[in-house]
Amino acid sequence: TDFWGGIPQGPPDPILGVTDAFKKDTAKNKVNLGVGAYRDEEGKPYILESVLKAEDILHQKKLDKEYLPITGAGDFTTLASELAYGKNSKPLQEGRIAVSQSISGTGALRIATGFLSMFYSGPKVIYLPDPTWGNHVPVAEQVGIKVQRYRYFDKKTIGLDFAGMKEDIENAESGSIILLHACAQNPTGIDPTQDQWKELSEIVKARKHVALFDMAYQGFASGDIIRDAFAVRYFVEQGHQIILCQSFAKNLGLYAERAGTFSIVVSSPDEKERILSQVKRVIRPLYSSPPIHGAQIVATILGSPELYEQWLAEVKKMATRIIDMRERLYDLLVELKTPGEWGHIKSQIGMFSFTGLTPEQVGDLAEHAHVYMTKDGRISMAGLNEHNIQYFAESMSKAVK
Ligand code: PLP
């Protein structure tokens with residue numbers, strides 16, 4: 001019997017499709033600005049020294065590979081929460097944060113939507129920024145949460161449409177779930193200012209919405225883990241019972257290790273226990289218990305003052321290289337008399353820059369210059385380095401002219 005013959009071809013992943021096209025191109029000078037992973041000055045994947053040291057320590061300890069509890073390794077989740085919320089965070093000190101290890105940031109989002117779909121008594125509607133990381137949509141829709149959008153990007157200014165954002169969040173049905181990128185918004189690289197976050201906190205509170213923070217880039221945005229945690233910590237200080245999805249993929253370069261956490265700020269230690277008992281019911285049928293190695297690496301680094309300092313310096317180094325590339329690209333575009341205003345390249349933050357290139361220009365760049373990026377004109381700044389930035393700026397300038 002042919003059970004599966006009627007299944008149609010699924011759509012290609014828009015980001016992985018860029019990598020495929022890049023791989024097929026045989027030109028020597030080709031440039032891939034599609035991937036969301038850090039690259040060093042030589043365009044190579046980068047393994048952090050602090051991670052290598054932590055792995056040496058773990059290897060020497062000859063730890064076993066027994067199953068972790070459903071909610072993961074306790075030392076890891078405690079240290080990870082301290083990093084996100086701050087050691088002095090009131091709910092953390094009062095034992096009011098329910099936290100579970102997750103399969104990196106994506107898995108945290110999936111626990112969040114699974115938990116909300118099972119237990120949230122308010123409207124099962126999630127508001128996502130327009131545009132947002134593509135995976136936010138299916139992660140919500142697959143568990144029956146309805147997706148709505150709030151305005152975020154202003155095409156005219158290549159900046160934040162703050163008025164539109166506020167209006168849409170204000171007009172959302174009371175109790176809606178509002179997804180916020182904690183820092184380094186993907187794909188635009190545009191974040192609200194600290195004053196704007198304060199206004200957003202007021203609106204979310206007044207409308208009794210649930211704030212769901214996706215924090216995939218702590219430290220990676222500005223090079224400073226405290227500054228990048230501003231929005232999360234401010235909302236918590238203001239009494240929001242936020243949900244947080246935390247990833248260690250980018251800031252520790254642990255992409256494939258899948259280390260992350262899901263957490264909720266709640267009212268009491270007793271409520272925390274009840275919630276965790278239900279979070280376990282979300283996780284158990286999904287993957288039973290999380291992988292151990294990445295969590296051990298993170299816990300080893302965050303738990304050792306020496307490795308922690310080294311890691312901070314390494315995150316700063318990655319962020320600084322990206323910020324330098326922004327400056328260089330901006331200067332080159334101006335030098336090449338590229339029509340238009342390019343200040344946004346410098347003011348945007350994090351791994352990505354939303355260049356403002358049109359789909360036609362993106363197509364031209366791939367065809368004529370062997371330069372690859374997603375159709376929306378997003379480039380991964382990490383893909384640029386001293387060897388290819390001049391070539392890229394010239395190609396981009398030509399495409400715009
Ligand atoms: N959220 C955002 C905004 C991201 O950009 C990413 C990765 O690109 C993730 C979440 C999840 O990443 P991971 O599952 O690798 O931690």
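Valine 125 stands opposite lysine 146 of strand S4. Strand S3, residues 125-130, pairs with S4, residues 146-151, in the parallel sense. The model is predicted.

**Strands S3 and S4**
- The pairing of S3 with S4 extends over 6 bridges.
- Between S3 and S4 the chain passes through helix H6, residues 136-141.
- This β-α-β crossover is right-handed.

**Helices H2 and H13**
- Two packed helices are described by the angle between their axes and the distance between the axes.
- For helix H2 (residues 49-61) and helix H13 (residues 305-335), the axes come within 8 Å and cross at roughly 150 degrees.
- Angles over 145 degrees count as roughly antiparallel, and H2 and H13 are therefore roughly antiparallel to each other.
- On the H2 side, the contact is formed by Glu49, Ser50, Lys53 and Ala54.
- These residues meet Leu307, Gln310, Trp311 and Glu314 of H13.
- Sorted by class, the contact of H2 with H13 holds 3 nonpolar, 2 polar and 3 charged residues.

How values were computed: Residues numbered from 1 in each chain as written. Predicted model: local features only at pLDDT ≥ 70, side-chain atom pairs only at ≥ 80, totals over all residues. Axes fitted to C-alpha atoms, helices over the stretch in contact; angles between N-to-C directions. Helix = DSSP H or I, 4+ residues; strand = E, 2+ residues; numbered from the N terminus. Parallel < 35°, antiparallel > 145°, perpendicular 65-115°, else oblique. Contact = placed C-beta atoms within 7 Å. Nonpolar A, V, L, I, M, F, W, Y, C, P; charged D, E, K, R; others polar. Pairing = 2+ DSSP bridges. Right-handed = clockwise from strand over helix to strand, strands pointing away.
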